[in-house]
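Work through the exercises below with the model open. Try each task before reading its solution.

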Amino acid sequence: MNTIIQRIDPENFRDEELQEACSILQKGGLVAFPTETVYGLGGDALRQEASAKIYMAKGRPSDNPLIVHIADMDSLRDVADNVSEEALQLAENFWPGPLTMIFKKREKVPKSTTGGLETVAVRMPSHPVARALIRESGVYIAAPSANTSGRPSPTKAEHVREDLDGRIDMILDGGAVGIGLESTIVDMSTNVPTILRPGYITKEMLERVLDNVQVDPAITAKTMNPNIVAKAPGMKYRHYAPKGQMTIVEGESEAVIREINRLVREKKQEGSSVAVIATAETEMRYVCDHVKSIGSRKTEGSIAAGLYDILREMDHIGAEYIYAESFEQDGLGKAIMNRMLKAAAYHVIKV
Ligand code: TXA
Ligand code: MG
């Protein structure tokens, strides 16, 4: 299959530029497109053969459900049942935006889209290209992140091409995304709304709207505990992972720098290829051929936006061992560390 790559300027495009993408979606084909969080791999959410193609292209286990992307509130009622007052309040405050909510599904949503579940995940993205694509195609777009299953989510069209070239019909290249981490997922089908995946919309932000929000224990787990089963099927898989073995070093900054430099020396003596994931504040302090800064600690947003690109770069370098600094687990830091811990398969050294 030849994958068409089409550039589109998110700040300045005409809806006609999306014609080909819309017609692909209407025919049951696949289009990767930018959202404010990460690139999505889109197909018609109501067509079984479209979701089957998505699973195929990604190599994704078919019990891992997809998120249905919509552009207006009528569409929510069309795909979801039992939409509570609380859910409407969250929609009012955070949609369009990086929040996904889970509801009881309506009959018309095929189980191939929901990974066999009776619930459906719904999100109204804010990215202008994503919004226009949903609106102009008239299709509810099922879209997981547009990466090969297990790899870091794509934050640039180039990442999508790296993973899916020749496996999908089209990539809409709208440049680098803004947030860089996947949406916050909140289960609204349970008595108390429950965060299943941390993201840009933090627990604190949700609590400004709702009295009671809980967190799925699988998120806060410090290890890969087989007794705690993640409620979002996707969260149980090894994920976001570079090919090398990644270790997070936690502790007071000077001690972390010393320990990482020691580990780098040790691995280099063994003849291995080593890389360090540092921050703008510390990158000068490491003695290693490959030191990459994810961003400045002063702006957590830049770290979220840079994380997946850096994880992919580790593969380009061919790093066999990767040592990374750690981050405070408050606010957006919780989502950043959640992804980093998974990338490192919970391999943490405390100093
Ligand atoms: O920001 C995002 O959410 C991006 C963009 C493209 O919108 N999409 C994304 O999709 O991250 P994906 O497929 O990579 O992650 C979806 C997550 C998975 O962990 C999946 O298990 C969970 O959502 N999920 C989907 N439907 C669910 C359901 N009915 N119940 C529980 N978890 C669900
Ligand atoms: Mg994903």
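Predicted model: local features only at pLDDT ≥ 70, side-chain atom pairs only at ≥ 80, totals over all residues.

Residues are numbered from 1 along each chain as its sequence is written, and side-chain values use heavy atoms, without hydrogens and water.

**Exercise 1.** Determine how α6 and α10 pack, and which residues make the contact.

Step 1. Locate the helices (DSSP runs of H or I, at least four residues, numbered from the N terminus). α6 covers residues 157-164 and α10 covers 300-317.

Step 2. The angle is about 45 degrees, and the axes lie 11 Å apart.

Step 3. List the contact (heavy atoms within 4.5 Å). α6 supplies H159, E162 and D163; α10 supplies D309, R312 and H316.

**Exercise 2.** Find the residues that touch the most other members of the largest nonpolar core.

Step 1. Define the core: buried Ala, Val, Leu, Ile, Met, Phe, Trp, Tyr and Cys residues joined through side-chain atoms within 4.5 Å. Buried means under 20% relative accessible area (1.4 Å probe, protein chains only).

Step 2. Pick them out. Of 43 residues, they are L41, W95, L99, M101, I168 and L206.

Step 3. Find the top contributor. α4 gives the most, with four residues.

Step 4. Look further. A second, separate core of 28 residues includes V38, Y308, I310 and Y346.

Definitions and conventions. Chains lettered and ligands numbered in written order. Axes fitted to C-alpha atoms, helices over the stretch in contact; angles between N-to-C directions. Helix = DSSP H or I, 4+ residues; strand = E, 2+ residues; numbered from the N terminus. Buried < 20%, exposed > 50% of the residue type's maximum accessible area, 1.4 Å probe, protein only.
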